[in-house]
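Here is a short briefing on some side-chain and helix contacts to look at. Keep the structure open beside the text as you read.

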Amino acid sequence: MFRVTAVLFDFDGTLVTLEIDFPLMRRRVNETIASFGVPSHILTAPFSWERIEQAAGWLAQFDPQRAEILERTAKAIIVEMEDEAAKIASPPTDVSPTLSSLKSKGLKLGLVTRNSMRAVQTVLSRNPLPFDVIVTRDHVRLLKPNPEHLLFALRQLNVNLNENRWRAVFIGDHPSDMQVALRAGLVPIGIARDELSRQALSRAGAFALIERLSELAHLLDC
C-alpha cells in the first residue's frame with residue numbers, strides 16, 4: 001500500500017469497454033490511406049490515428065489540399081466507430097462507487113484517453129463520474145503512449161512529480177499504459193481481466209495488478 005495525491009485512469013478497457021472492431025478500423029483506415037497513393041512503408045506508427053497523421057504529412061509535401069482531405073476522411077472512420085460504440089457503453093457497477101470513494105479521501109482524479117471528448121461525454125452523460133480533469137485526444141497534440149499526455153493532465157491537476165515521484169498513479173488495461181506511466185514517472189497499475197492480460201501487463205512493468213476497480217481503495221491505502 002502507498003499514498004498518492006492523484007489517480008489517472010485510462011478510459012476504454014479500464015472504466016468502460018467500447019465494443020469496437022479494431023482490426024476492421026485499422027483495415028478501413030489503411031485502405032483509405034492507400035486510396036490516396038500513400039506508400040505503406042512510411043506508416044510506422046502502431047496506432048491508426050498516428051498512421052493517418054503520418055500519411056497526411058507525407059502527402060502534404062506534394063498536395064496539401066489532398067492531405068487535408070485524407071486526414072479528415074480517415075479520421076472520420078475512427079470517430080464514427082467510437083461514437084457508435086459509446087452510445088451503448090457503460091462502466092461496471094463498481095466504477096462509480098470506487099471513484100466516489102477515492103474522491104472523498106481527497107485524491108485528485110483524472111481521465112486520460114486517446115478517445116474523443118464526444119465519445120467520453122456520450123458515456124458520462126448517462127454515467128456521471130467525479131473526475132477533476134478529462135484529457136482526450138482533442139486537448140493535446142501528443143497522445144499516449146507519449147508521456148506528454150499524462151503530464152498535461154497532471155499539470156491541470158497542479159500535481160508536481162518533482163516533489164515526490166510516487167505522488168500519482170495511472171490505471172490502464174494495455175501494456176502501453178504501463179510503459180507510458182513509467183516514462184512519465186507515475187506508478188503503473190494494470191487492470192487485468194484474464195491470465196494473458198496479467199502476463200502482458202507484468203512484462204510491461206505494472207507495479208501492481210487488479211481485476212476490479214474496487215480493489216484500488218485497499219491498494220492505495222485509503
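Arg137 holds its charged end over the ring of Trp49, 4.0 Å from the ring centre; a charge sits over a ring if NZ of Lys or CZ of Arg is within 6 Å of the ring centre and within 35 degrees of the ring normal. This is a predicted model, where local features need pLDDT of at least 70 and side-chain atom pairs count only at pLDDT 80 or more, while totals for chains, interfaces and linings use all residues. Residues are numbered from 1 along each chain as its sequence is written, and side-chain values use heavy atoms, with hydrogens and water left out.

**Charge over ring**
- The ring of Phe47 has the charged end of Arg114 over it, 4.3 Å from its centre.

**Aromatic pairs**
- Two aromatic pairs turn up in a search of the whole structure (ring centres of Phe, Tyr or the six-membered ring of Trp within 6.5 Å).
- Phe9 and Phe131 have ring centres 6.1 Å apart and planes at 70°, so they are edge-to-face (planes over 60 degrees apart; under 30 is stacked, the rest tilted).
- Phe9 lies in strand E1 (residues 6–9) and Phe131 in the loop between helix H5 (117–124) and strand E3 (133–135), 122 residues apart; helices (H or I, at least four residues) and strands (E, at least two) are DSSP runs, numbered from the N terminus.
- Phe9 is buried at 0% relative accessible area, and Phe131 also counts as buried, at 14% (buried is under 20%, exposed over 50%, partly exposed in between, with a 1.4 Å probe and protein chains only).
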